[in-house]
Amino acid sequence: MSTEAGKTVIRPLSAPITGSTRVPGDKSISHRAVLFSAMAEGTSQISGILDSADVRSSIRAVEALGAKASLEKQPDGSLAGGITGWGERGPVQPDEPIDCGNSGTTARLLMGVLAPWPVNVTITGDDSLQKRPMRRITAPLMKMGVRFSPEGKENLPITVTGTKSLKAIVYDAPMASAQLKTSILLAGVYASGTTTVNEPSESRNHTELMLPEYGIKTTAAARTASVVGPSVPKAAEVIVPGDPSSAAFLVCAALLKRGSSIQIENVSLNTARIGFTRTLERMGADIAVRHTGSEGKEPYGVIEAAYTGTLRGCEVPAEKIASIVDEVPVLALVAAHARGVTVFRDVSELRVKETDRLAAIVEGLDLLGVDAWIDGNDLFIEGQPDLAAQPGSVFDSKCDHRLAMTWALVGLCGSVPIEVENFDSVKISYPEFLDDIERLTR
């Protein structure tokens, strides 16, 4: 790998990827461990925390609000230590706006965290985050009594003014979104009565699994979750398993690189997070999942994958997209190598991620000579089993970490070097991605 003028040259791997590895801690669980611990009374002990730019945004945010975070880098690259929360006292008024960087999770969940407290906090972020939709979060929180200014504003920066007299609500969410659901539930922890969120399809359920660890009365079923308030979270111990979204890139690399066979250990096997394994199974991939234990209510285990010479297209229904929303880019690359057409139904949420991932997928696959198109909100990809990149092809990551890793696989698993613009964005979720994958070739 070499970098020049913002472009990183990605060269083909020198050998198949083989052996066992682990991936960094789950990003979604890491954010929640930091934020919930900051809300809690006492000192929580947390370990396995992902050390990435996004999670660092959450750590800085809770410190600015008065929590004390004593987290140290561990030999495996994770963060571990204690977070002493503000508990019943509530957060302090910060001196300046809270900059969430590129982290949508930090910004959106923070709105729910701040909802019960009479503070005025301006939430902002980088240029990319300032383009992402926020009214989906502010609208239900306003029903609970939170004020936002400017009122009705779609994008950051937005100032949150909380209240100690929050109203519990029943909210029918217009889309499946774990960030939306979590923000409402976190506000509901301090509201009087039962706050319920109903969703059109299932989203990640880490919040419902984790809040009881902090002593919050929580109920959850398919497409619905509730908390009973008012209540004060109590300090907990949280061990974060490996991130399945990061694991997906190693899995797909193994499927595409001839002769490869890998095991990824200690990875979260939360059913709302491993939809990508089921999609790959339907494509005929040589992949297996094995449970080995659980931390609290979060299951973890091993994902095994091996090179698969013949893949076939499949259809992914709309109700399954929430469970693979971060993996659609890399699944689209696998689909480009499959025989036949793959359809991802209703992937409109990809338009409002770190960038318009839907348009970016089509643009990148077009560079590979693959026929991919959008019809309404559906993504179609006509695979080419003998797919090969042109030497010197330049793929634009749009400063999106998932796209950067996806296009890197074109070079790593192919036969010619390619270039990826702004590959550095992998620091958002998986800083050691290239090192890990190259280590598996030795």
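Reply: Buried means under 20% relative accessible area, exposed means over 50%, and partly exposed lies in between (1.4 Å probe, protein chains only). This is a predicted model, in which local features need pLDDT of at least 70 and side-chain atom pairs count only at pLDDT 80 or more, while totals for chains, interfaces and linings use all residues. Residues are numbered from 1 along each chain as its sequence is written, and side-chain values use heavy atoms, with hydrogens and water left out.

Me: Is E208 buried or exposed?

Reply: E208 is buried, because its relative accessible area is 8%. The residue is found in helix α6 (residues 206-210); helices (H or I, at least four residues) and strands (E, at least two) are DSSP runs, numbered from the N terminus.

Me: Which side chain joins that of E208 in a polar contact?

Reply: The partner is K181, at 2.8 Å. A polar contact is a pair of N or O atoms within 3.5 Å; within protein, one must be able to donate a hydrogen and the other to accept it, and residues adjacent in sequence count only if both atoms are side-chain atoms.

Me: What else does E208 touch?

Reply: Not counting residues up to four places away in sequence, E208 touches K181, L185, T218, A220 and A225. Contact here means heavy atoms within 4.5 Å.

Me: Let us turn to the four-stranded sheet. What is its strand order?

Reply: The order is β7-β8-β10-β9, in an open sheet with mixed pairing. At the edges are β7 (98-99) and β9 (147-149), each of which pairs on one side only. Two strands pair if DSSP finds at least two bridges between them.

Me: Which helix packs on the sheet?

Reply: Helix α3 (residues 104-114) does so, touching β7, β8 (120-124), β9 and β10, and its direction makes about 170 degrees with that of β8. The axes are lines fitted to C-alpha atoms, for helices over the stretch in contact, and angles run from 0 to 180 degrees between N-to-C directions.

Me: How many bridges join β9 to β10?

Reply: Three bridges join these antiparallel strands, β10 being residues 158-161. Within β10, V160 is the bridge partner of F148.

Me: And T161, buried or exposed?

Reply: T161, in strand β10, is buried, with a relative accessible area of 12%. Its side chain makes a polar contact of 2.5 Å with that of N120. Leaving aside neighbours within four places in sequence, T161 is in contact with V119, N120, V146 and R147.

Me: Changing topic: where does E315 lie?

Reply: E315 is in strand β19 (residues 315-316). It is partly exposed, with a relative accessible area of 38%.

Me: Which side chain does that of E315 meet in a polar contact?

Reply: That of R345, at 3.0 Å. E315 and F344 are 29 residues apart in sequence, yet 6.2 Å apart in space, C-alpha to C-alpha.

Me: Finally, the hairpin. How many residues lie between β5 and β6?

Reply: Five residues lie between them, and G77 in the turn has a positive phi of about 95 degrees. Strand β5 (residues 68-73) pairs with β6 (residues 79-84) in the antiparallel sense over six bridges, and A69 stands opposite I83 in β6.
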